[in-house]
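The notes follow the order in which I checked them.

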Amino acid sequence: MFLTKTVILKIKKPDNDLVETMQKYSDGMNYVSNILFDNGKPMGAMKLQKIVYSHLRENLGLKSQMSCNIPRQVAGCYKTLNKDKKTKWQQVEFAPTSMTFSYKRDFTIDENTVKITTNNGRKAYSILKYNHATQYFDGSWKYQASKLALHNDGNYYFHLSIEKEIPDKSITDASTFMGVDVGINYLAVASTTDKKCKFFAGGEIKNLRNHYKSMRARLQSKGTLSAKRKLKYFSGKEQRLMRDVNHKISKAIVKFALENEVSVISLEDLTGIRTSTINKISKRNRYTHSSWAYRQLQTFIEYKAREAEIITHYIDPAFTSQTCNRCNHISKDNRNRLTFRCMKCGYENNADLNGAMNIEHRTRDFRYTLESQGCLSATHTNT
Ligand SMILES: [Zn+2]
């Protein structure tokens with residue numbers, strides 16, 4: 001399995017050569033775009049390159065690698081345009097805000113410096129130091145074609161594309177599982193096969209989201225143009241906030257899993273969240289975590305888990321919050337907001353923790369079912 005990622009790195013001091021090269025690059029893109037548009041239908045990258053190469057080199061003065069990258073990019077762009085039958089054949093205009101480099105051919109990089117071929121020869125640019133980025137320079141990642149982009153903030157960023165092959169693992173090799181549930185008071189609650197548990201607090205996030213929610217309702221009822229603009233502004237703000245929180249929580253969850261030698265992280269499959277069952281409607285409002293935010297949290301967990309070579313598994317979420325973890329008795333009455341109390345056997349626990357334990361349990365069951373069905377030689381008997 002291949003892991004791919006884009007690491008965004010800020011160029012400390014972009015200079016005129018960079019600005020000019022980017023301008024030239026987009027001139028080249030637009031020249032080629034013009035030719036391809038006149039062609040009336042998509043064209044293969046190689047054929048296009050043959051037509052435009054000498055003009056890019058001689059008249060526009062672009063370097064040879066760029067003169068190859070440009071027709072390839074433009075050809076790809078028109079090809080996708082043509083795929084969508086509803087979109088009509090139209091000329092694409094490229095702004096001088098992005099250019100593509102090929103690793104080793106016209107860029108090399110280390111933790112501190114990116115060296116790229118500009119129109120004024122090869123130049124080294126210092127990049128801002130990011131602690132989280134250090135790991136991508138440890139030699140285990142391969143670098144792919146990457147982009148230099150001018151962002152809205154006026155700064156230049158190198159979008160380094162990286163790739164790494166990691167071994168495939170199977171759930172049937174697993175012995176320690178961890179269930180993760182979304183909570184009311186906590187963003188998430190995790191529980192492992194070894195009965196280790198952890199509550200992940202969202203801090204201020206709950207209040208903030210409620211604040212945004214009421215503001216949204218107020219602005220929506222107004223319906224004026226300025227209210228709509230404000231709505232857009234705040235929803236962007238809220239999304240960035242949630243994204244940030246989800247990154248932190250997913251990181252903490254995977255760290256906890258690693259500390260406890262967990263090989264499978266189990267989550268509820270909430271993809272049917274919109275057409276949800278009664279059981280799920282209440283879940284939607286839990287922790288005021290809207291569906292996209294929860295889905296994002298799951299995606300982040302999945303991704304970070306994969307990097308840590310931990311499997312992510314999804315279970316059917318039916319009744320996880322209403323089932324007693326001790327006697328399996330299912331009842332809506334078992335749960336009273338924060339507390340779980342089994343009506344049959346009297347078992348008591350934090351409601352979210354009970355949910356996480358059920359998720360863990362169900363995943364372990366799933367694995368044993370696979371095993372008993374003879375999908376593997378039964379060598380694992382861990383409990
Ligand atoms: Zn019970």
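I began with Gly 179 and looked for its bridge partner in S12, which turned out to be Ser 266. The model is a predicted one, and I read every entry below with that in mind. Strand S9 (residues 177–181) and strand S12 (residues 264–268) run parallel and are joined by three bridges.

I then traced the whole sheet, which is open, has five strands in the order S11-S10-S9-S12-S13, and shows mixed pairing. At its edges I noted strand S11 (197–200) and strand S13 (311–315), each of which pairs on one side only. From one strand to the next, the twist averages 20 degrees.

Next I looked up the helices that pack on this sheet. Helix H5 (residues 225–259) touches S9, strand S10 (188–192), S11 and S12, and I noted that its direction makes about 170 degrees with that of S11. Helix H8 (residues 351–372) also packs on the sheet, where it touches S9, S10, S11, S12 and S13, and its direction makes about 140 degrees with that of S9.

Last, I turned to the metal. Which residues coordinate the zinc ion? I found the SG atoms of Cys 324, Cys 327, Cys 342 and Cys 345, at 2.3 Å, and along the chain these donors follow the spacing C-x2-C-x14-C-x2-C. The angles among the four donor atoms are 105 to 114 degrees, and the site is tetrahedral; for four tetrahedral donors the ideal angle is 109.5 degrees. I also checked accessibility: Cys 342 is buried, with a relative accessible area of 1%, whereas Cys 345 is partly exposed at 29%.

Key: Residues are numbered from 1 along each chain as its sequence is written. This is a predicted model: local features need pLDDT of at least 70, side-chain atom pairs count only at pLDDT 80 or more; totals for chains, interfaces and linings use all residues. Side-chain values use heavy atoms; hydrogens and water are left out. Two strands pair if DSSP finds at least two bridges between them. Helices (H or I, at least four residues) and strands (E, at least two) are DSSP runs, numbered from the N terminus. Axes are lines fitted to C-alpha atoms, for helices over the stretch in contact, and angles run from 0 to 180 degrees between N-to-C directions. Contact means heavy atoms within 4.5 Å. Donors are N, O and S atoms within 2.8 Å of the metal (3.2 Å for Na, K and Ca); water is not among the atoms, so sites may look incomplete. Four donors count as tetrahedral if all angles lie between 85 and 135 degrees; four count as square planar and six as octahedral if opposite donors are over 155 degrees apart and all others between 65 and 115; anything else is irregular. Buried means under 20% relative accessible area, exposed over 50%, partly exposed in between (1.4 Å probe, protein chains only).
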